[in-house]
Amino acid sequence: MKALDELTFDNRFARLGDAFSTHVLPEPLDEPRLVVASKAAMALLDLDPAVAETPVFAELFGGHKLWAEAEPRAMVYSGHQFGGYTPQLGDGRGMLLGEVYNQAGEHWDLHLKGAGMTPYSRMGDGRAVLRSSIREFLASEALHALGIPSSRALCVIGSSTPVWREKQERGAMVLRLAQSHIRFGHFEYFYYTKKPEQHAELAEHVLNLHYPECREQPEPYLAMFREIVERNAEMIAKWQAYGFCHGVMNTDNMSILGITFDFGPFAFLDDFDAHFICNHSDHEGRYSFSNQVPIGQWNLSALAQALTPFISVDALKEALGLYLPFYQAHYLDLMRRRLGLITAEDGDQKLVEGLLKLMQNSGVDYTLFFRRLGDESPELAVKRLRDDFVDLAGFDAWAELYKARVARDGDDSQEQRRERMHAVNPLYILRNYLAQNAIAAAEAGDYSEVRRLHEVLSKPFEEQAGMEQYAQRPPDWGKHLEISCSS
Ligand code: AMP
Ligand code: MG
């Protein structure tokens, strides 16, 4: 266990130099205070969890203090936003404080979001408000606990600093951890600004640091791109299987590591709805829940375009062609497990689609359905769940297919079935209204609800005594909350 001043830095991205990032300094928040910290994320830095409560912790992550070895840099990138190319973006309100390596030899970027203006702030104020910082913190850690690859969050620091959005709010900072903050948009920036040397340097950096095993392949860059395709397909398969809607899948928000990244107006589905749009500025539904799958491929082709100096177009096309098969394999595997199935049959895709159609028509809760399906034997479970469906005949027909399918899987005890299913079907997810309750309390100065919700979501598959209220469908007010983009 380390104290805060014992972190070891090795700032590899900063060493790439001024073509890649600009030296900046955090702008301190007034009266910084700890809102919430993640013990699991602290463990990634070998930090003693007790240090979160010390004043110096809030000072460091509230922009007042810096380690001597930190080299804060704002990174430059660009990207396709809602399908159109924006030639220059970059860390407009966040900064890479440095890279820390832990006892296991892993490097972790410390990235402070809401840390003030940078050369990339454009019209923005460089700040983040408390509500969006809490949402990013809760989502990062909750996704990780569900087994969905994501950037992590160490803490949220609140303050008395006024920040103007639609109304006056308070500034906050979230400390984000990832093994890299390099996005698809980094490659696009150097490609479209025609800087071949730096572009090649970036590709080399990513290959050496993040895909070293691809070095062994006859075409290392192609192997790396294939791996990026597969990781993205797997991540999006998990989003779809668990009902996570990202909301702003612009290429500047897509990580080169295939982790969920840059949280905005995201949401988990309550009722299953394939057409759900969580971002209220997304009028066309470009990033609707079901569009996430083709958009994943669209984004990968934008990256492929930026990799044409290193890989032949034919090879890139072939690798892009792997996306859908990878996606389908991962998705189907996870949905089979969610249904408690052990073996694979050709008709399983249809079984899943049939169920989702029925859930869509009846507005069935996506999370609780699967959890309850595992509570009891297939016969008893479908009998109990039947009441949630409007199309009773449709559900009965599906239930017959399902029971027959389970029977073909062979005998196992209900004990085993429950255990197997509960291990993949969460009881607790980050429902929008739960986040909203926690935010409202935090804005009034009470951080206990954010902390409790974070704790509950860190063990989403385990039933926790006294926490029934976190495993409920939303009340009416909590069903269609408008999440503002101005975060
Ligand atoms: P996002 O929608 O959060 O992915 O941000 C898109 C771009 O806008 C990125 O370059 C951000 O750094 C920048 N940005 C977002 N909010 C702010 C802000 N309040 N101040 C400065 N830049 C911002
Ligand atoms: Mg972004």
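This is a predicted model: local features need pLDDT of at least 70, side-chain atom pairs count only at pLDDT 80 or more; totals for chains, interfaces and linings use all residues.
Me: Why is Asp252 called buried?
Reply: Its relative accessible area is 6%. Buried means under 20%. The value 6% falls under that cut-off, so Asp252 is buried.

Me: Where is Asp252 placed, and what does UniProt list it for?
Reply: Asp252 sits in the loop between E12 and E13. An unreviewed UniProt entry lists Asp252 under "active site".

Me: What coordinates the magnesium ion, ligand 2?
Reply: Asn253 does, through OD1, and Asp262 does, through OD. The distances are 2.0 to 2.1 Å.

Me: Why is Asn253 called buried?
Reply: Asn253 has a relative accessible area of 9%. The cut-off is under 20%, so Asn253 is buried. Like Asp252, Asn253 is placed in the loop between E12 and E13. Its contacts beyond four places in sequence are Arg183, His246, Val248, Phe261 and Asp262.

Me: Why does Asp262 count as buried?
Reply: Its relative accessibility is 13%. That is under 20%, so Asp262 is buried. Asp262 lies in the loop between strand E12 (244–245) and strand E13 (267–268).

Me: What makes the link between Asp262 and Arg176 a polar contact?
Reply: Their side chains are joined at 2.6 Å. The limit for a pair of N or O atoms is 3.5 Å, and within protein one atom must be able to donate a hydrogen and the other to accept it. The 2.6 Å pair is within the limit and is listed as a polar contact. The side chain of Asp262 also makes a polar contact with the side chain of Arg183, at 3.0 Å.

Me: What else is Asp262 in contact with?
Reply: Leaving aside neighbours within four places in sequence, its contacts include Lys113, His246, Asp252 and Asn253.

Me: Why is Arg176 called buried?
Reply: Its relative accessible area is 1%. Arg176 lies in strand E11 (residues 168–178). A polar contact of 3.4 Å joins its side chain to that of Glu136.

Me: Which residues does the UniProt annotation "binding site" cover?
Reply: An unreviewed entry gives one set with Gly90, Gly92, Arg93, Lys113, Asp125, Gly126, Arg176, Arg183 and Asp262. The lining of the largest pocket takes in Gly90, Gly92, Arg93, Lys113, Asp125, Gly126, Arg176, Arg183 and Asp262 from this set. Another "binding site" annotation, also from an unreviewed entry, covers Asn253 and Asp262. The lining of the largest pocket takes in Asn253 and Asp262 too.

Me: Is Glu53 buried or exposed, and what makes it so?
Reply: Glu53 has a relative accessible area of 59%. Exposed means over 50%, so Glu53 is exposed. Glu53 is found in the loop between helix H1 (39–44) and helix H2 (55–61). Beyond four places in sequence, Glu53 touches Leu34 and Arg451.

Me: Why is Arg336 called buried?
Reply: Arg336 has a relative accessible area of 14%. That is under 20%, so the word is buried. Arg336 is found in helix H9 (residues 323–338). Among the residues it touches beyond four places in sequence are Leu341 and Asp348.

Me: How many helices and strands does the protein have?
Reply: The secondary structure comes to 16 helices and 13 strands.

Me: Why is the protein called as compact as a globular protein of that length?
Reply: Its radius of gyration is 23 Å. The globule rule gives 23 Å for 487 residues. The two values are close, so the protein is as compact as a globular protein of that length. Of the 487 residues, 58% count as buried.

Methods: Residues are numbered from 1 along each chain as its sequence is written. Chains are lettered from A and ligands numbered from 1 in the order in which they are written. Side-chain values use heavy atoms; hydrogens and water are left out. Donors are N, O and S atoms within 2.8 Å of the metal (3.2 Å for Na, K and Ca); water is not among the atoms, so sites may look incomplete. UniProt positions are given in the numbering used here, feature names are shortened, and annotations may be inferred rather than shown by experiment. On a 1 Å grid over the protein atoms alone, a cavity is a set of points where a 1.4 Å probe fits but cannot get out, and a pocket is an open set with protein on both sides within 12 Å along at least five of seven lines; lining residues have an atom within 4 Å of a point. Helices (H or I, at least four residues) and strands (E, at least two) are DSSP runs, numbered from the N terminus. Buried means under 20% relative accessible area, exposed over 50%, partly exposed in between (1.4 Å probe, protein chains only). Contact means heavy atoms within 4.5 Å. The radius of gyration is taken over C-alpha atoms; the globule rule is 2.2 Å times the number of residues to the power 0.38.
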